Amino acid sequence: MIRDFNYRKASSLNEALSLLEKHKEDNKIICGGQSLLILMRQALVAPKNLIDIKSVKELSYIDFSPKTGLKIGAATPHRDIEKSPLIKKHYPVLIAMEENLASVQTRNWGTIGGNLAHGDPAGDPGPILIALNATVKIAKLGGERILPLEEFFIDIFETALETEELLQEIQIPVILPKTAVAYEKFNIIKNHQGIVSVAVSITMDDDSIQCKEVRIVLGAAASTPLRAKEAEQMLTGKKINTKLLEEAGKKASEECDPVSDIHATETYRRLLIKALTKKMVRKAWEQAKALN
Ligand SMILES: Cc1cc2nc3c(=O)[nH]c(=O)nc-3n(C[C@H](O)[C@H](O)[C@H](O)COP(=O)(O)OP(=O)(O)OC[C@H]3O[C@@H](n4cnc5c(N)ncnc54)[C@H](O)[C@@H]3O)c2cc1C
């Protein structure tokens, strides 16, 4: 049963930040409520002050500039991202990710910021946004800070946000030339959260022969989205071949730290990480090679 709380609706960013500061001893932001209400119903979270930011228009937007890249307001619903012509043109891999995230109903109401702030290691956007080298803008009354998304996730359901802070914006740089990004989650039921997921970004060298830069990010494979840095290192400066793919997949499966739960055992997750890493590296490599 949901415990009693004081409901406070913010109609502007400044009002939201003032409410967070005023009630910083015991508060919780609610946006779409798609994740928070489940925790509240199970009494795992019982905030005294619930601060609703869903109506804050300043937090819902999608902007793109060829110089600075993409900026998405934290309260932007998943469905707006999925349907954005700007994102389709410049970051098509995000559209594919959103199309497979939950149901249309959940995507209509749930937001990108809520997804990241929830800190679920099985969330879809985290790994792919880290592969895209995203940063987040975090605001509090009278100040803001920018953090690489990679440093935002601290532990399962725990992020770098302080109680008086709000996730304001997700910033994604322009994708470098000769770069391709691939993402896939493995699940049994379509549009459910992934049992594991893998995002890979590969930038080719000037001659499109070797990998100049590789980012491999694993989802649901540890308590936070995880960079498989040793696997990345194995591929950097190399021309991909079957043997290397095999070795990188194996290395990623050794680097991760998955749990056993009702969805899969640790061993099964490691096997999936190996297979999916190989598949995503091959996909990103083939796409990147074909770019001018
Ligand atoms: C049936 C179902 C299926 C789902 N399937 C998937 C899936 O396949 N893949 C996937 O990735 N997710 C999935 N989800 C999770 C869901 O899509 C996201 O967690 C959702 O986007 C959360 O957004 P929200 O606005 O509803 O957040 P809320 O539930 O309102 O908040 C979630 C958390 O984030 C905090 N928060 C929200 N906004 C901010 C902010 N701007 N700043 C700071 N803190 C904030 C809240 O305090 C809370 O702790 C599913 C959810 C449901 C209900």
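## The largest cavity

N115, L116, D120, G123, G126, P127, F153 and P225 line the largest cavity. A cavity here is a set of points, on a 1 Å grid over the protein atoms alone, where a 1.4 Å probe fits but cannot get out, and lining residues have an atom within 4 Å of a point. The volume of this cavity is about 40 Å³, a volume being the space filled by probe spheres set on the grid points, which are joined across faces, edges and corners. Helices α7 (112-118) and α8 (125-131) each supply at least two residues of the lining. Helices (H or I, at least four residues) and strands (E, at least two) are DSSP runs, numbered from the N terminus.

By class, the lining of the largest cavity has four nonpolar, three polar and one charged residues. In this scheme Ala, Val, Leu, Ile, Met, Phe, Trp, Tyr, Cys and Pro count as nonpolar, Asp, Glu, Lys and Arg as charged, and the others, Gly among them, as polar. A search of the whole structure finds three cavities of 30 Å³ or more.

## Basis of the model

The model is predicted: local features need pLDDT of at least 70, side-chain atom pairs count only at pLDDT 80 or more, and totals for chains, interfaces and linings use all residues. Residues are numbered from 1 along each chain as its sequence is written, and side-chain values use heavy atoms, with hydrogens and water left out.

## The largest pocket

The largest pocket has a volume of about 1,300 Å³. A pocket is an open set of grid points with protein on both sides within 12 Å along at least five of seven lines. Its lining comprises 45 residues, of which S35, L36, G114, A117 and H118 lie nearest the centre. These 45 residues divide into 18 nonpolar, 20 polar and seven charged.

Several elements contribute to this lining: β2 (27-30), α2, α7, β9 (158-159) and β10 (166-172) each supply at least two residues. The largest share, five residues, comes from α7. T159 and L116 are 43 residues apart in sequence and 8.5 Å apart in space, C-alpha to C-alpha. L116 also belongs to the lining of the largest cavity.

## Salt bridges

Side chains of opposite charge can pair when their charged atoms come close. With a salt bridge taken as a side-chain nitrogen of Lys or Arg within 4 Å of a carboxyl oxygen of Asp or Glu, the count comes to 19. In one of them, K24 pairs with E21 at 3.0 Å, N to O; K24 is partly exposed at 30%, and E21 is partly exposed at 27%. In another, K137 and E144 meet at 4.0 Å, N to O; K137 is buried at 16%, whereas E144 is exposed at 54%.

R215 and E150 form a further salt bridge at 3.7 Å, N to O. This pair links distant parts of the chain, with R215 in strand β13 (residues 211-219) and E150 in helix α9 (residues 149-152), 65 residues apart. R215 is buried, with a relative accessible area of 9%, while E150 is partly exposed at 30%. Both residues belong to a network of salt bridges that links E150, R215, R227, K229 and E232.

## Nonpolar surface patch

I2, F5, Y7 and L37 form a nonpolar patch on the surface, with about 320 Å² of accessible area together. Patches are made of residues with over 30% relative accessible area and no salt bridge; like charges are joined within 9 Å, and nonpolar side chains (Val, Leu, Ile, Met, Phe, Trp, Tyr) within 5 Å. Accessible areas come from the Shrake-Rupley method with a 1.4 Å probe, and for residues only the protein chains shown count as cover. L37 lies in helix α2 (residues 36-41) and is partly exposed at 31%.

## Positive phi values

Most residues other than glycine have a negative phi. N133 has a positive phi, near 65°; N133 lies in the loop between α8 and β6 (135-140) and is partly exposed at 41%. S208 has a positive phi near 55°. S208 is placed in the loop between β12 (196-204) and β13, and is buried at 18%.

Definitions and conventions:
Buried < 20%, exposed > 50% of the residue type's maximum accessible area, 1.4 Å probe, protein only.
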